[in-house]
Amino acid sequence: MSKTILITGGAGFIGSHLTRLFVKKYPDYKIVNLDKLTYAGNLENLRDIEGAPNYQFVKGDIADLSFVRSMFEQHHFDGVLHCAAESHVDRSIANPLEFVQTNVVGTVCLLQAAFEAWSENMEDKIFYHISTDEVYGSLGTEGFFTEKTAYDPRSPYSASKASSDHFVRAFYHTYKLPVKLSNCSNNYGPFHFPEKLIPLCIMNIIHRRPLPIYGKGENVRDWLYVEDHVSAIDLIFHKGKLGETYNIGGHNEWSNINLVKELCRQMDSKLSRKSGESEQLITYVKDRAGHDLRYAIDSSKLTRDLGWKPSLQFEEGLSRTIDWYLQNQTWLEDVTSGSYQNYYQQQYHRR
Ligand code: NAD
Ligand code: DAU
């Protein structure tokens, strides 16, 4: 094996796509997936590669420093792709401390263990931190987030991610740890946990349940197909400059209400329902506290410096995503049994 790479959070949504890409594209890399298997982590997401000779799964917590140190001692990692996080804004509003523990303490434990393991020789080592556009705060109707936009996080989730980004840069400047960062806009695609807007609405349309729209549905997000995100990570990991940050986005802004109407339109057609039937399910509910109005990414640095562009048009990506959920309803049923029911009850039935 030419390199040993640690991927954290590889059993989650983005992490599973990233793990699959690296395991398949780089047979000479050994990929170690470290994941705590929280409610969001699911080994079913990786069934097709679990027997690959260059892949290994380890269950564990990134916030357990002695365990993380032992992982570095055992595997002699050359690189880290750090995806593990608590990722849902609504859960961060209900339970901010869990977000500090995993996103801040967990990231610092990984940085510390990497620094200790690599301090004698940092050559060819890379610590890549995967982050979000939410650290930049909320845009008005104009403008885009660039890599120079000042941080202005507004939810416990984005504050914890902003803090982790600062620690990554602090390790670069203070200890010369070789780091790279990227901040991406909203992802969508297969294996997306159905607490997030798109998979939640797909699931509710299938079952003819209400589609909860926060506030007036006017908030805007910039959606990117998950495989385009991981192709950008691959490029930055191999070709990006150390110490640099790259914004990744789809140039694909949708207000929540228009997005959900497009979902309804496509699903009525795929499910042979009467046109307009699913739109009747749209239900306006109490707004998210501190709800950011608009996110939009300027990814021109990534295009200019490394030649990356999204490959898919949104309507096609959405169509592929819906088809995947329609063909994988057992996956949906499995992840929404048990504790998901309590979450749904608390999140939506008190609104
Ligand atoms: P996810 O919630 O689907 O997956 C997170 C994974 O991390 C899960 O497998 C979970 O089990 C694991 N995990 C959580 N706590 C852990 C811990 N303490 N130790 C080890 N593993 C732990 O998240 P996602 O949507 O795939 O996001 C992955 C990363 O990408 C996150 O850092 C997130 O901030 C970032 N991001 C997400 C999006 C998006 O739209 N989903 C956009 C930009 C950036
Ligand atoms: O921008 C990147 C971020 O995108 C990632 O860092 C986060 O991990 C990821 O969860 C996502 O955050 P959002 O809060 O934008 O995603 P979510 O799918 O939760 O919500 C999208 C929009 O839809 C947001 O404006 C809130 C709204 N919404 C969401 C849910 C779950 C609703 O109107 N109703 C809902 O039931």
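Trainee: Between which two elements is D61 found, and how do I read those labels?

Mentor: D61 sits in the loop between β3 (55-59) and α2. Helices are DSSP runs of H or I with at least four residues, strands are runs of E with at least two, and both are numbered from the N terminus. This is a predicted model, in which local features need pLDDT of at least 70 and side-chain atom pairs count only at pLDDT 80 or more, while totals for chains, interfaces and linings use all residues. Residues are numbered from 1 along each chain as its sequence is written, chains are lettered from A and ligands numbered from 1 in the order in which they are written, and side-chain values use heavy atoms, leaving out hydrogens and water.

Trainee: Is D61 buried or exposed, or something in between?

Mentor: Relative accessible area decides: buried is under 20%, exposed is over 50%, and partly exposed lies in between, with a 1.4 Å probe and protein chains only. D61 has 23%, so it counts as partly exposed.

Trainee: What does D61 touch?

Mentor: A contact means heavy atoms within 4.5 Å. Leaving aside residues up to four places away in sequence, D61 touches K36, F67 and V68. From D61 to L37 the C-alpha distance is 8.9 Å, across 24 residues of sequence.

Trainee: Which backbone atom does the side chain of D61 reach?

Mentor: The backbone nitrogen of A63, at 2.8 Å. For a polar contact, look for a pair of N or O atoms within 3.5 Å; within protein, one must be able to donate a hydrogen and the other to accept it, and residues adjacent in sequence count only if both atoms are side-chain atoms. You will find another between the side chains of R288 and D90, at 2.7 Å. R288 belongs to the loop between β12 (282-285) and α9 (300-306), and its relative accessible area of 15% makes it buried.

Trainee: Where does F77 lie, and what does it touch?

Mentor: Go to the loop between α2 (65-75) and β4 (79-82). F77 has 2% relative accessibility, so it is buried. Not counting residues up to four places away in sequence, its contacts are T4, I5, L6, V32, M71, F72, W118 and K125.

Trainee: How should I read the phi of F191?

Mentor: Start from the rule that most residues other than glycine have a negative phi. F191 has a positive value, near 70°. R208 is placed in the loop between α6 and β8 (211-214) and is partly exposed at 49%.

Trainee: How many helices and strands does the chain have, and what is its radius of gyration?

Mentor: There are 12 helices and 12 strands. The radius, taken over C-alpha atoms, is compared with 2.2 Å times the number of residues to the power 0.38. For 351 residues a compact globule would be near 20 Å, and the chain, at 20 Å, agrees. The C-alpha trace spans about 65 × 45 × 40 Å along its principal axes, and buried residues make up 56% of the chain. Of the contacts with a separation of 6 or more, 83% come from residues 24 or more positions apart.
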